[in-house]
Amino acid sequence: MEVRLLACTKLDLNYPLVPGLTELDSVVAHAISMCYRTTPSKNAILKCLKNGHTSVFEHISFTFDIEGISRVCLAQLTRHRIASYTVESQRFVDYTKKLVGVVVPPSISSPKCSGNGFDVTFHIFNDVTKEAFRAYEELVSNGVKPEDARFILPQATTTNLVMTINARSLFNFFNQRLDKRAQWEIRELAQRMLRIVKELAPITFSQYRETGGDRKGADN
Ligand SMILES: Cc1cc2nc3c(=O)[nH]c(=O)nc-3n(C[C@H](O)[C@H](O)[C@H](O)COP(=O)(O)OP(=O)(O)OC[C@H]3O[C@@H](n4cnc5c(N)ncnc54)[C@H](O)[C@@H]3O)c2cc1C
């Protein structure tokens, strides 16, 4: 999978960067200063996180360009309703003409499954996915539209999308998807997203690590 930042909130030139804060953390700090008529500061952000005053984090948002996740991961991702999505169309993209891949779960591709076990599991996966794509091509070459031929494709088929989400909704996403109980693929996606946003707004996302989040101060 590949995750890149396509866009994010900008601080207008008329507003100063808050000393010691990045541009995005400064936007949050300026929003908080509106509430209390205080000087924007890092401490004010930390206080809001601690008190659960999380609506102030809705003022910064991120647009991600996400490529090469499975349709399984897409289904899990789009359950997060407080976000906007634009997904590659399987109705109109003809996979006989465009390159498409499959995501292989580590339990199937992992070297841990060595010897015969590895051969068997990987070959089952490989044979079935290959056959599905061969059948897709045959259906399309027989005049079936991609929108109907796709019904035969595996859930492992990769997809691409653009997703926009604000920091407060990301808290909820990270709480659920950085957690060990989340499936490995969406967890990896959450970790990659966290890496990007933490660099842009380190104080806002200070309670999160790639191994999970400290839920204190971040709502669900
Ligand atoms: C480990 C794990 C296992 C899961 N297993 C399943 C499963 O087996 N089956 C399944 O269907 N789903 C499953 N899910 C998906 C889960 O139930 C949520 O749909 C998904 O994680 C999105 O969470 P959310 O609703 O909090 O996010 P969002 O949709 O982004 O909503 C954010 C927050 O807004 C509020 N909100 C949004 N919409 C409403 C509303 N209509 N009414 C009231 N409040 C609202 C809630 O506070 C919510 O937390 C699983 C999730 C995880 C992390």
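**From paired strands to the ligand shell**

Strand 2 and strand 4 pair in the antiparallel sense over nine bridges. Pairing here requires that DSSP finds at least two bridges between two strands. The model is a predicted one: local features need pLDDT of at least 70, side-chain atom pairs count only at pLDDT 80 or more, and totals for chains, interfaces and linings use all residues. Residue numbers start from 1 along each chain as its sequence is written.

Next, the whole chain. It has eight helices and six strands. These are DSSP runs, numbered from the N terminus: helices are H or I with at least four residues, strands are E with at least two. Along the sequence, the pattern reads β-α-α-β-α-β-α-α-α-β-α-α-β-β. The C-alpha atoms fill a box of roughly 70 × 40 × 25 Å, taken along the principal axes.

What share of the 220 residues is buried? Buried residues make up 26%. A buried residue has 20 or more other C-beta atoms within 10 Å of its own; 12 or fewer means exposed, and in between means partly exposed, with C-beta atoms placed from the backbone.

The largest nonpolar core has 40 residues. Such a core is a set of buried Ala, Val, Leu, Ile, Met, Phe, Trp, Tyr and Cys residues joined through C-beta atoms within 7 Å. Helix 8 gives the largest share, six residues. Val28, Ile45, Phe174, Ala190 and Leu194 have the most contacts inside the core. Leu194 touches Phe174, Leu178, Phe205, Tyr208 and Glu210, not counting residues up to four places away in sequence. Contact means C-beta atoms, placed from the backbone, within 7 Å.

Finally, the ligand. It is surrounded by 10 residues, the closest being Arg79, His80, Arg81, Ile82 and Gln176. Each has its C-beta atom, placed from the backbone, within 6 Å of the molecule.

Definitions and conventions:
Two residues are in contact if their C-beta atoms, placed from the backbone, lie within 7 Å.
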